[in-house]
Amino acid sequence: MRKKLQVFVSSTYEDLKKERQAAVQAILTSGHIPAGMELFSAGDETQKEIIKKWIDESDVYLLILGGRYGSIDNSTGISYTHWEYQYAGDISKPRFAVVISEDALEGKIRNEGTQMMEKANPQLYQEFRKEVLGKICKIFDDERDIELAVFQKMGEYISRDDLTGWIRGSEVPEVLDIIKEHYKLASDNAALRKEITALNKQLEQKQAIKTFDGFTFEELRKTLSQIKIELPKKLKPTASSRPSKSILELFYVLKDSFATGITNQVGISEEESFVYYSIAPRLMTFKLLEKVKVTGARYEKMQMSKLGFEFLKMLEIHMVSKKTSEDSPKKDGKDRLEIYENSGGPSAPKKTTRKSRKAAVVK
């Protein structure tokens with residue numbers, strides 16, 4: 001749809017009749033609508049309000065500034081032309097100006113007389129001219145310059161989406177079709193909002209579940225309980241002891257050693273060596289343990305990770321809340337906690353003493 005912009009043309013009247021006609025003709029030729037209030041007499045407040053309304057309803061404000069300042073508005077102390085220019089700026093109306101050059105003004109004065117120049121308020125005129133020249137404007141020498149300036153600016157303004165302009169009634173789509181399309185879009189929008197709400201709720205629920213490197217607590221607990229490690233014969237206190245234990249059991253039994261860290265330094269016991277080289281790597285796979293640097297040391301240290309501490313905390317909670325589950329902790333006569341599974345059941349371990357810097361004895 002091609003829109004026609006309404007352009008309010010502002011200027012003094014008697015000294016710029018040819019220039020106004022050139023601007024109006026250029027606006028019409030470019031396919032737009034000129035508007036002006038030069039026929040209203042100065043000093044009429046009713047007409048002043050009408051001028052406001054025309055500027056409000058216009059898309060663009062055009063000022064043609066010659067050598068005259070114009071009649072003074074008693075309520076503002078400035079000329080009506082100056083007031084129109086400032087009012088358009090106050091309401092953020094797109095505005096541009098064409099200003100007569102000094103040489104062209106001198107020529108008009110020579111050819112048409114001193115009525116082409118401002119004699120009553122020269123200081124106000126100079127201040128107004130300076131204000132206009134500080135904004136968007138073009139300097140003109142004749143009517144042809146004005147026409148070119150108008151053609152150029154209207155080409156720029158027509159591409160602006162914020163200028164609505166006027167549109168032929170025949171180019172406006174049927175209102176009923178628009179209402180139907182609006183209703184369809186509103187319905188689709190409502191359905192999409194409902195779907196987005198449901199997806200956000202699912203996402204919040206998913207994010208609320210604590211995960212451990214992609215595993216939920218229950219998934220990791222069950223996985224670790226199914227991974228068995230064969231215990232060396234020397235670490236079995238009795239012949240009836242189970243030959244293997246789950247990683248879950250070992251993680252809990254050795255939690256204190258993992259919390260402070262285990263090392264592979266020279267002189268460690270067979271028990272500590274088994275924990276460091278056989279148990280710890282399996283737990284590192286699930287990021288429950290991690291290697292930490294020991295400054296100045298020639299050995300390595302493995303320690304419980306942040307993820308490991310989180311898992312241990314939830315494991316403790318699980319053990320308290322699931323008293324009858326197959327993985328819940330039991331107490332023997334020595335107050336020793338041991339995690340066990342259905343296979344084999346719990347055994348009564350012997351009392352052991354944990355030495356300094358050594359892992360707890362695995363039973």
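1. A quick word on terms: buried means under 20% relative accessible area, exposed over 50%, and partly exposed in between (1.4 Å probe, protein chains only). By that rule Arg68 is partly exposed, because its relative accessibility is 30%, while Glu118 counts as buried because it sits at 9%.

2. Keep in mind that this is a predicted model, where local features need pLDDT of at least 70, side-chain atom pairs count only at pLDDT 80 or more, and totals for chains, interfaces and linings use all residues. Residues are numbered from 1 along each chain as its sequence is written, and side-chain values use heavy atoms, with hydrogens and water left out.

3. Back to that pair: Arg68 makes a salt bridge (a side-chain nitrogen of Lys or Arg within 4 Å of a carboxyl oxygen of Asp or Glu) with Glu118, and the closest N and O atoms are 3.9 Å apart. The two residues are 50 apart and link distant parts of the chain.

4. The rule gives 14 salt bridges. One of them joins Lys48 and Asp73, with the closest N and O atoms 2.5 Å apart. Lys48 is in helix α2 and Asp73 in strand β4, so the pair ties together parts 25 residues apart in sequence. (Helices are DSSP runs of H or I, at least four residues, and strands are runs of E, at least two, numbered from the N terminus.) Both Lys48 and Asp73 are buried.

5. Glu147 also has a salt bridge, to Arg144, at 3.3 Å between the closest N and O atoms. They are about one helical turn apart because three residues separate them in helix α6.
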